[in-house]
Amino acid sequence: MSPAAKVSEFHREGNDWFCRTGLPSDITVVVDDVKFHLHKFPLVSKCGKLARMYEDDKKSLWTTVLEDFPGGSETFLTAARFCYGARVDFTSKNIVPTHCAAEYLDMTSEYGEDNLISQVEAFLHKHVLRNWKDCILALQSSSHVLKSAEKLQTIPKLMNAVSTMVCTDPSLFGWPMMMYGTLQSPGGSILWNGINTGARMRSSGSDWWYEDVSYLSVDLFRRLIKTMETKGIRAESLVGAMVYYARKYLPGLGRWQSRRTSGSSNNNKSRTSVVSFSLAAASSFMSPVDQIALLETILSLLPEKRGRSFCKFLLCLLRVAFILGVDGSCVKQLERRIGMQLELATLENLLILNYSDSETLYNVDCVERMIRHFVSSSSSSELSDFSPPSLDPGMSPSSLRKVAKLVDSYMAEVASDVNLKPDKMRSLAAALPEGSRPLYDGLYRAFDIYFKEHPWLSDKDKEQLCNMMDYQRLSIDACAHASHNDRLPLRVVLQVLFFEQMHLRTALAGGTNTGTAHAMTVPGQEIVERDGWVTVVRQNQVLKVDMQKMRSRVGELEEEFQNMKREMKKRVSKPSSSVSSPRLVKMGCKFLLPRASDTAHGSVSSTPRSAAAAEHALPRSSRHSKHRKSFSFFG
């Protein structure tokens, strides 16, 4: 009877494995410093590689070392058990390493009918490739035998199967299956311990597979995404998987992840992985080197697309790149791709902290480079939108104005940094071309905040910054604020006042000629109608008319007072001047106390003659009014 028929079990003693057959061992196989004390006949009859090695070196006691054995000592133990006729259980976790080991040992049908290779391939095609969970587990267990599995085309087969299932309804993958942590019956109800609970399974979305593929290694994930691209899977679905994978392993993306999760559906909140239920959850910890490799891999996989959420993700990747300290080429590529769709960015995501030794709080240089990429990009047609709009694509014709408004808001936000130099503010303001700002109110606000937080700036520095503004494009509100702003240099205030007068004159002229406040033009620019513009114009008209009337009336009163003063001086010099003048009192005119020079002569009032002269000096309307209010004059 052959030793294979008498096998009872394999047992281990320290770093050595033995097979209890009742016969002494005549061959020793060393795999990864682990010694297997076995018998020649079972191994040579099944393994072509060992048979050829034995023919070359026939010894009674034979020892061989198997270098670079795929799967290590555990996989060789599985192959040895198969050679001895012991029962071998194939699972999705060991099928790929076992297949590689069988090919390494050349366990083909030439060395035995229904040998290990044929049995492994049959199990792979009948069970693993038809089940989502088994495919994912098989891919995950193949990380250590990628080279061998690639030669056997096992990895491409698994990835093709996974890609096909992604395009298919997950309920068709076979039953029972693990989806979101629950067992599902053919009718779609949830099972608990094999009992039908009657509860219906929530319908799965297009992102049901994100969590499962996130347990793959970086290299396998990259290959899977490439395979899915060839299968024609939509770009937004692939980007969603990449975003999910990056959020799981890269630092600094947790805040973005929480915001996205809060707005997602309940299905996404309760998503549980197939793999995490069946296999010990892989640790999300990665070394900085692995994280940099992951970041570069994700960046190489991302399509040249545009979208609001996509731009937000790129900005998050850029922040992570600064945290990890990746090389300049990766940062430049991210800045270029963000700059080409900068109008879709938000102020919150542009506020990237400075993780280097720079004195400034925010990375202003990075934002300036992205602005220049936006300006230098020939047209937005270089990037195509996602379709359907699952990642919020959008491009409006006013993208330049949107970026200008965004830059002004960014400058106002970073202006409070006391270490920010005036040259940085100037370069940020000059990064956009002329004509990109319909109004300069946002830039004025940023400069005003900067002047407030940097009171030690000289007037020369302030004027250099203010010269970046076009005063003709300041709104009336901004002009009114600037004209009373003590932080601005006097020369700037005068220029603002000048252009404010031009605004008012043009507005009044336009209101008089057309009766409306629609598009009015000043030299070189068009004043855009704003809320309350008509009301402001009318109020200014009424105010100017009232001021003209007041000036005229004040002039008349001043002239009247001077005439009366001259007449009084003439009368004061005469000794026969009377003490009071009834006519002046009747007119309601009140005089100040006499001067010191006049006190020596006593209290002197004008005579009736002088009163008549004073009455003659009054305007015609004043002489005939008996109820006019009295005025106080100051000489």
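Mentor: The discussion below covers the fold, the salt bridges, the core and the surface.

Mentor: This is a predicted model, in which local features need pLDDT of at least 70 and side-chain atom pairs count only at pLDDT 80 or more, while totals for chains, interfaces and linings use all residues. Residues are numbered from 1 along each chain as its sequence is written, and side-chain values use heavy atoms, with hydrogens and water left out.

Trainee: How many helices and strands does the protein have, and how are they defined?

Mentor: The secondary structure comes to 30 helices and 13 strands.

Trainee: What makes the contact between Arg223 and Asp219 a salt bridge?

Mentor: A salt bridge requires a side-chain nitrogen of Lys or Arg within 4 Å of a carboxyl oxygen of Asp or Glu.

Trainee: Why is Arg223 called partly exposed?

Mentor: Buried means under 20% relative accessible area, exposed means over 50%, and partly exposed is in between (1.4 Å probe, protein chains only). Arg223 has 22% relative accessibility, and therefore counts as partly exposed. Asp219, at 26%, is partly exposed as well.

Trainee: What does the salt bridge between Arg487 and Asp448 tie together?

Mentor: The side chains of Arg487 and Asp448 meet at 3.0 Å, N to O. Arg487 lies in the loop between helix 24 (476-483) and helix 25 (490-514) and Asp448 in helix 22 (residues 441-453), so the pair ties together parts that are 39 residues apart in sequence. Arg487 is partly exposed at 29%, whereas Asp448, at 12%, counts as buried.

Trainee: How do you know that Arg571 and Glu567 form a salt bridge?

Mentor: Their closest N and O atoms are 3.9 Å apart, which is within the limit, so the term applies. Arg571 and Glu567 both lie in helix 26 (residues 533-572), and both are buried.

Trainee: Which residues have the most contacts inside the largest nonpolar core?

Mentor: They are Leu38, Phe76 and Trp209, in a core of 148 residues. Helix 16 (residues 308-324) gives the most to this core, with 12 residues. A nonpolar core is a set of buried Ala, Val, Leu, Ile, Met, Phe, Trp, Tyr and Cys residues joined through side-chain atoms within 4.5 Å. Contact means heavy atoms within 4.5 Å; leaving aside neighbours within four places in sequence, Trp209 is in contact with Trp132, Val166, Met228, Ser237, Leu238 and Ala241.

Trainee: Why is Leu353 called partly exposed, and where is Leu353 found?

Mentor: Leu353 has 36% relative accessibility, and therefore counts as partly exposed. Leu353 is found in the loop between helix 18 and helix 19 (364-376).

Trainee: How much of the protein counts as buried?

Mentor: Of its 635 residues, 44% count as buried.

Methods: Helix = DSSP H or I, 4+ residues; strand = E, 2+ residues; numbered from the N terminus.
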